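Here are a few notes to read alongside the model. Take a look at it before going through them.

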Amino acid sequence: MRKIHVIGIGAGDPDQLTLQAVRALRSTDVFFVLDKGEVKSDLTRLRRDMLDTHIPHGGYRVVEARDPERDRHAGGAAYSPAVGDWRSARAGIYERLIAQELGADESGAFLVWGDPALYDSTLAILEEVLARGAVAFEYDVVPGISSVSALVARHRTGLNRVARPVQITTGRRLAEGFPEGVDDVVVMLDAHQTFRQYAGQDVDIYWGAYIGTPDEILVSGPLAEAGPRIERLRAEARERKGWIMDTYLLRRNPRDA
């Protein structure tokens, strides 16, 4: 029976891999990597750097395939179907890679940024592949240090305050309003800097981009003051690298709750 490891590899720093993740890496015969194109070649390089760090003597194969494009202009009611189409296209690629590149008694692995359970589609895609019935395999999941955990660690703060909840959401959801009853909100997948909507409130922001990599950028402080600096740094970084991955925590002071 083929075996698949879904390994959380943290936010980019090879030192953030857990011992469990390192053991899984060293028991893997084939690593599957979806290439996102020349602009995001850094992401492929970071994965290879992790393999070089933790498996210096090699003994494995790396199989790359081109990641399908997702319709990023789809909004409103069209958003979920667009994501579903993209996941199905990925499932077809996963199915082919496992069937053609992984021997019957070999183990393969997908290296997932952050943690496989947080805003990542790998587990759902593997379930779709299994449901199709064309290829059989077992899989396990190795948790990783998410960009959320890495963000608050780098800012030396916590996710929540005493007796208060914290919510993790997306920029699309934040645009609809600050979550009711929540004053600490972690925002991921925000291409439009939605935090600007709340610059008039007494809110602190803890922001980070390329967390855990040599290009890491961190900014924190009152949103009214830090927001313009984040916008400038974000635009400069995106222009320089061609892509950006950032996460932030908004912390609203009680009197504005």
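1. Which residue forms a salt bridge with D184, and how many Å apart are the closest N and O atoms? R161 does, with those atoms 3.2 Å apart. A salt bridge here is a side-chain nitrogen of Lys or Arg within 4 Å of a carboxyl oxygen of Asp or Glu.

2. Before going on, a word on the source: this is a predicted model, where local features need pLDDT of at least 70 and side-chain atom pairs count only at pLDDT 80 or more, while totals for chains, interfaces and linings use all residues. Residues are numbered from 1 along each chain as its sequence is written, and side-chain values use heavy atoms, leaving out hydrogens and water.

3. Back to that pair: R161 sits in the loop between α5 (147-154) and β6 (166-170), and D184 is in strand β7 (residues 184-188), 23 residues apart. Helices (H or I, at least four residues) and strands (E, at least two) are DSSP runs, numbered from the N terminus. D184 is buried at 0% relative accessibility, and R161 is partly exposed at 24%. Buried means under 20% relative accessible area, exposed over 50%, and partly exposed in between (1.4 Å probe, protein chains only).

4. D184 also meets R251 in a salt bridge, at 2.4 Å from N to O. R251 lies in strand β10 (residues 246-252), so this pair ties together parts 67 residues apart in sequence. R251 is buried too, with a relative accessible area of 8%.

5. Now look at E64 and R48, whose side chains form a salt bridge of 3.0 Å, N to O. E64 belongs to strand β3 (residues 61-66) and R48 to helix α2 (residues 41-54), 16 residues apart. E64 is partly exposed at 38%, and R48 is partly exposed at 37%.

6. Elsewhere, D42, R45, D49, D215 and K241 are linked in a salt-bridge network. Over the whole structure, the search finds 19 salt bridges.

7. Last, a helix pair. The axes of α3 (residues 79-101) and α4 (residues 122-132) come within 9 Å and cross at roughly 65 degrees. Axes are lines fitted to C-alpha atoms, for helices over the stretch in contact, with angles running from 0 to 180 degrees between N-to-C directions. The two helices are therefore roughly perpendicular (angles of 65 to 115 degrees count as such). Among the α3 residues that meet α4 are Y94 and I98, and L126 and V129 are among those on the α4 side; contact means heavy atoms within 4.5 Å.

Methods
Angles under 35 degrees count as roughly parallel, over 145 as roughly antiparallel, 65 to 115 as roughly perpendicular and the rest as oblique.
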